[in-house]
Amino acid sequence: MNAIPVIDISTIDTPQGRKQAAAAIYDAIVDAGFFQIVGHGVPMELIDRAYAMYDNLFDRPDEYKEALESPNGNPFRGYFRAERAANAGSRVESYEIASIATPEEAQGLGIDPAFTDFFEPWTWPDIDGFADTLLELRDRTRGVGATVMSLFATALGLPDNYFTRYVATDGSNFMCRYYSTTSAVTDQNVLLDEHQDSGMLTVLHQRGTYEGLQVLCRDGERITVPVRDDAYVINVGRLMTRWTNDLFPSTPHRVIDAPTADDFRRSIVLFYMPSPDAVITPIARCVGADGPHYEPITPYEAQKIPAKELQEYGN
Ligand SMILES: O=C(O)CCC(=O)C(=O)O
Ligand SMILES: [Fe+2]
């Protein structure tokens, strides 16, 4: 693996186009666990508008942003900031929303009450157009996630709509990460530590002037993901690895600092998730003679399982 494949999905409405895209996606995901898609149909105007909203938020004083922090300290709701002691001046700020805001709303959508504390509210900033813009992009990005899941289904020889019922009510999170770079590309100057994503599917838009996202390949090499305005970066998390009985790897990745002080990086990410009460059982087609590698699990339970030690990766 020496480059992350770029796959055009603009012709998947034709049987031939769908077959080709699904085959390319299968090869990419089984091999590296990462690929980029173009031809996804999300308007650039909407993506630009969302980045402008996030700029408006993150450029404000800390006190303004801190008022948008989760009252429970949940790093995945509203505003959050991480600073690295080892890396003076670097900050990673984020603003994150979900698909469903409250346990009551979740229960109204038919989610088992035992699972509804998965959902916690967030506070919107009082910035004109902020909420409308983010909700519009969140929903369009979920559409991209649904398309990729349908292509996974095709690639696995399953009906195209195989995953649809699992995401009918969804447990997704949607965030912007805003990196303050300090301009020193060394191993100490990692802005986001190497990790596997925990969920089903990650749909990530990158914006910036340098290749900050690094993917750890099975051979131990790290390759960077080119920043393309017209592309979404796709990878899967540990829940999808379980679902596919280890066929689709949740590949470790990290974000490094910038080469110069003038460089910048932002990303907008959808962590596309099934309903927290869906039962995820290794797909029969992915189970070989050695049987399923995992017990059935719900996303609710799965999020509590800590990351596999990274050194085990590739075993
Ligand atoms: O911002 C990025 O490019 C990477 C974000 C990421 O890996 C994550 O949020 O899980
Ligand atoms: Fe990640």
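This is a predicted model: local features need pLDDT of at least 70, side-chain atom pairs count only at pLDDT 80 or more; totals for chains, interfaces and linings use all residues.
Local features need pLDDT of at least 70, side-chain atom pairs count only at pLDDT 80 or more, and totals for chains, interfaces and linings use all residues. Residues are numbered from 1 along each chain as written, chains are lettered from A and ligands numbered from 1 in written order, and side-chain values use heavy atoms, without hydrogens and water.

Start at the metal. His195 (NE2), Asp197 (OD) and His253 (NE2) coordinate the iron ion (ligand 2) at 2.1 to 2.2 Å. Donors here are N, O and S atoms within 2.8 Å of the metal (3.2 Å for Na, K and Ca); water is not among the atoms, so sites may look incomplete. Along the chain, the donors follow the spacing H-x1-D-x55-H. Asp197 sits in the loop between strand E6 (190-195) and strand E7 (201-208), and His253 in strand E11 (residues 253-256), so the pair ties together parts 56 residues apart in sequence. Strands (E, at least two residues) and helices (H or I, at least four) are DSSP runs, numbered from the N terminus. Asp197 and His253 are both buried. Buried means under 20% relative accessible area, exposed over 50%, and partly exposed in between (1.4 Å probe, protein chains only).

Next, the sheet. Eight strands form an open sheet in the order E1-E2-E10-E7-E12-E5-E4-E3, with mixed pairing. Two strands pair if DSSP finds at least two bridges between them. Strand E1 (6-8) and strand E3 (78-83) stand at the edges with a single partner strand each, so one side of each has no neighbour in the sheet. E7 and strand E12 (residues 265-272) run antiparallel, joined by eight bridges. Gln206 has Ser267 in E12 as its bridge partner.

Now the largest pocket. A pocket is an open set of points on a 1 Å grid over the protein atoms alone, where a 1.4 Å probe fits, with protein on both sides within 12 Å along at least five of seven lines; lining residues have an atom within 4 Å of a point. Of its 46 lining residues, the closest to the centre are Phe76, Glu96, Arg177, Ser198 and Phe271.

Two residues remain. Val287 lies in the loop between E12 and helix H7 (299-302). Val287 is partly exposed, at 25% relative accessibility. Asp246 is 41 residues from Val287 in sequence, yet 9.2 Å away, C-alpha to C-alpha. Lys304 follows in the segment after H7. Lys304 is exposed, at 57% relative accessible area. The C-alpha atoms of Lys304 and Ser198 are 9.4 Å apart, across 106 residues of chain.
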